[in-house]
Amino acid sequence: MLKVSIVVPVYNAGDYIERCAPSLLHQSLGRDEYEIIYVDDGSTDDSGQRVDRLAEQHPHVRVVHQENSGWPGKPRNVGVRTARGEYVQFVDQDDELTPEALERLYRLAARNASDIVLGKVVGTMQGPSSLFRRTVEQCTAEDAPLMESLTPHKMFRREFLLAEDITFPEGPVRLEDQVFMARAYVRAKRVSILGDHPYYVWNRREDGGNTSSRASTPETYYGHLRTVVEAIKEGTEPGPLQDHLLRRSYRVELLRPVSEPRVLQRTGSSRERYFDVVRRMALDCYPPGVREGLPAITRLRAHLLEEGNLESLVELARRTQEIKPQVTVDAIRRHKDRLVIRTTIGMLRPDGEPLTLVERYGRLLLDPDLLADIKGAEDWEVPHPLGDARGEILVHDAARNLWWFPDTDLAPRTEPLGNGRHRVIITGETVIDPLTLAGGTDMPPGTHLVWANARLLGVGRRDRLTGTPSCPAAYTTGSPARLVMPTWGGPSGQLRLSVGQPGHISVPHRVLLHATATPSVRRAARTLVRRLPKDVRKQVRTLARRADPWTAGRKD
């Protein structure tokens, strides 16, 4: 039996087939240990011929042609039934795998007899996710926040999918990925997470043609969300676990149309239409325990929604949108070749004052100044102010668009401000070790940006780490030696860690390091490179290899 089968649904992919194919064809896993199955869903362009040519040239490529089903669900199901691998890896036609992806995922899966393996995702469609903070050998939906990752770009034990009859909905079904993942998560006995190595490059198409961008009416979209909810309910008993698993869809999908920015962008009948649809679903589908477990401001939104108070939701969104993070670097020092950063993170109201809790008669109430004159929000109690509070410092490998999570002891607490007022803050120290930060290995050459991420009272914000304390001087560490230069830089004075070889940081290289830290510059440069003559393009890529290894070896 083969170790892995890659299943790729294909429909009118055009040039994206050639962009994706090299990353699949040349995996570090031996070619006799895996296969690639392209399922052509009745393409009307030359996609069918393109994948047929790949199959003629590469023995480990197979192609299935079928009549058009309109959506990727059926092609994926056909791929699973056709597969000969112990595990199945789903890849979309416009995405890529990193070179060692299959080998690392399969090794983790085989070691734990995993039903599902999640891997760290990079690319223009993926932001930082603390789910991939560290590699986890075994977990389940009960003890890990798996519902925060609902795309199917994962590795599944094929026998698990067949035995549990876990398939994608077929036809024009929105949220088909979420239905599939909900069914899989609630039935999986062992799930593993590969957090110390990026494996999947999830790209946003230049033409905006990603499947997830298709438009839908609120009635259709939320009708399909009901199917996701039912899939969770079918696999769990009523109670705390079920409430926990349903909370993500309530918080993210259901409240989205009545939260900023959406509720402020829509007006008139469009706003009211979305409000009516999600309110009806909130009342019909979610047990009370789902709402009660939400953080303060999110729970207030749920209350106003179910009470039918659209005007109050709009005003709450208008005020909440202006809440800003307050990130203070209290100290930064070097200790045993590691950077130790002490930070305090809070939230500020639109008027610049701290977002507070007020103590009255033994109860903590959400900031009265924030909620003033919002009908239905009076004296909104916050019984568990630290329940959902969390924060972290992140390091962004800007050239690779890859996020890492250093070791931290950040913890939430309430801080008295006087007159019965308190604010919730997150404070503590973070240790950045240049020799282990990148999944247990050295930080690669380049400019790495440091950010703070926090969620307090239901408000989540990410902000640049800026400050006034003096940075430690540049130093060398490791073998071979790495030069680490901490500096405050850029228009905002953000903390940057530039890493390179001692004695080899020339002026042009310094410019390159800083340029690769700017996303807009990176995107423009990649577009320009693709348009250059072949011989010039090769020279430019040689220069850029250190900055962007994911594209350095790509053939255009």
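How many salt bridges does a search of the whole structure find? The search finds 33 (a salt bridge is a side-chain nitrogen of Lys or Arg within 4 Å of a carboxyl oxygen of Asp or Glu).

This is a predicted model, in which local features need pLDDT of at least 70, side-chain atom pairs count only at pLDDT 80 or more, and totals for chains, interfaces and linings use all residues. Residues are numbered from 1 along each chain as its sequence is written, and side-chain values use heavy atoms, with hydrogens and water left out.

**View 1. Salt bridge between R62 and E35.** The N to O distance is 3.0 Å. The pair links distant parts of the chain, with R62 in strand 3 (residues 61–66) and E35 in strand 2 (residues 34–41), 27 residues apart. Strands here are DSSP runs of E, at least two residues, numbered from the N terminus. R62 is partly exposed at 25% relative accessible area, whereas E35 is buried at 1%. Buried means under 20%, exposed over 50%, and partly exposed in between (1.4 Å probe, protein chains only).

**View 2. Salt bridge between R349 and D367.** The closest N and O atoms are 2.9 Å apart. Both R349 and D367 are buried.

**View 3. Salt bridge between E100 and R104.** Their side chains meet at 2.8 Å, N to O. E100 is partly exposed at 33%, and R104 is partly exposed at 26%.

**View 4. Hairpin of strand 19 and strand 20.** Strand 19 (residues 446–456) pairs with strand 20 (residues 459–464) in the antiparallel sense over six bridges; pairing requires at least two bridges found by DSSP. A454 stands opposite R461. Two residues lie between the strands, and L457 in the turn has a positive phi of about 55°.

Notes: Helices (H or I, at least four residues) and strands (E, at least two) are DSSP runs, numbered from the N terminus.
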